[in-house]
Amino acid sequence: MTRRLAILGGTTPIGELEVISKQEVDTPFGTCSSALTTVQLAGHEVVYLPRHGHEHTIPPHMVNYRANIWALYSTGVTHIIGMAAVGGISSNCPPEKIVIPDQIIDYTCGRKHTFFEQDLDQVIHTDFVEPYCHELRDILLRAAAGLDLEIVSSSTYGVTQGPRLETAAEVMRMKNDGCDIVGMTAMPEAALARELNLCYATCAFCVNWAAGIRENKYNINISKVHNTARQGMVLTRQLMGASVKRFVIQ
Ligand code: HPA
């Protein structure tokens, strides 16, 4: 089977990408965040889909996660790297750190979170003990090691509903639950990818300390968050490039 990689872009930009082609895709679940764009990255073709739309206008709770994942699946994508800007909760997840999570706690509500709800021959329960795909996590971790990038290789991503940020008490509860980072988009994206047997991993970039964690220059302020995300562009792009190369030779 031909392997095909897609990057689901988040709030962290990865810079200019050479566009090869664009494909509008209709799905039974509605419209995806934008046309699927085949781009050139590190000399190889990958599919790029900005989750929040090309102009970054779709908030996390309004993203049509089912349409996005279905569109990628139906066009032959087998592997997805979901990029995410997150807040750091654990002390080893400060602003500007790249984190590759291995667990998820889902605090979202009311999102369309499954493909399996109608016209079923039988009820389907999807295994999700390990929410992330080993193969793609491994590619990201080895690519980071090859670049001498110090990243966090194991962490729990707590996914909140947004679009508002969390209260300090909510973050304290998440910390007690075992969350290391907080963001708004890994769910239901990761679970939907698993329902279709797609290999999915998150590459998270910390843009602030989560609410109430620390008083410092990185306290939450949306324009600072976007600034830090932009500063992360060089690192995340390097990591994506190196990962694409590894994906192709593997
Ligand atoms: N909370 C939730 N989502 C986020 C944050 C945060 O602090 N920072 C970036 N995305």
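**Ligand shell and cavity in a predicted model**

Guide: In this predicted model, a backbone N or O atom of Gly 87 lies 3.3 Å from a nitrogen atom of the ligand.

Visitor: How much of the accessible area of the ligand does the protein cover?

Guide: The ligand sits in the largest pocket, where its surroundings include Leu 165, Glu 166, Val 182 and Met 184. Of the 260 Å² of accessible area that the ligand has on its own, the protein covers 92%.

Visitor: Which element gives the most residues to the shell around the ligand?

Guide: Three strands, β7 (79–88), β11 (181–183) and β12 (199–209), each supply at least two residues of that shell, which by class holds six nonpolar, three polar and one charged residues. The element that gives the most, with three residues, is β7.

Visitor: Which element supplies the largest share of the lining of the largest cavity?

Guide: The structure holds one cavity of 30 Å³ or more, and its lining includes Pro 131, Tyr 132, Ala 190 and Arg 194. Two or more lining residues come from each of α4 (186–195) and β12, and the lining as a whole divides into eight nonpolar, no polar and one charged. The largest share, three residues, comes from α4.

Notes: Residues numbered from 1 in each chain as written. Predicted model: local features only at pLDDT ≥ 70, side-chain atom pairs only at ≥ 80, totals over all residues. Heavy atoms only, no water. Near = heavy atom within 4 Å. Polar contact = N/O pair within 3.5 Å; in protein donor to acceptor, adjacent residues only side chain to side chain. Areas by Shrake-Rupley, 256 points an atom, 1.4 Å probe, with all protein chains shown as cover. 1 Å grid on protein atoms, 1.4 Å probe; cavity = no way out; pocket = protein on both sides within 12 Å on 5 of 7 lines; lining within 4 Å. Sits in = over half its atoms within 2 Å of the grid points. Helix = DSSP H or I, 4+ residues; strand = E, 2+ residues; numbered from the N terminus. Nonpolar A, V, L, I, M, F, W, Y, C, P; charged D, E, K, R; others polar. Points joined across faces, edges and corners; volume = space filled by probe spheres on them.
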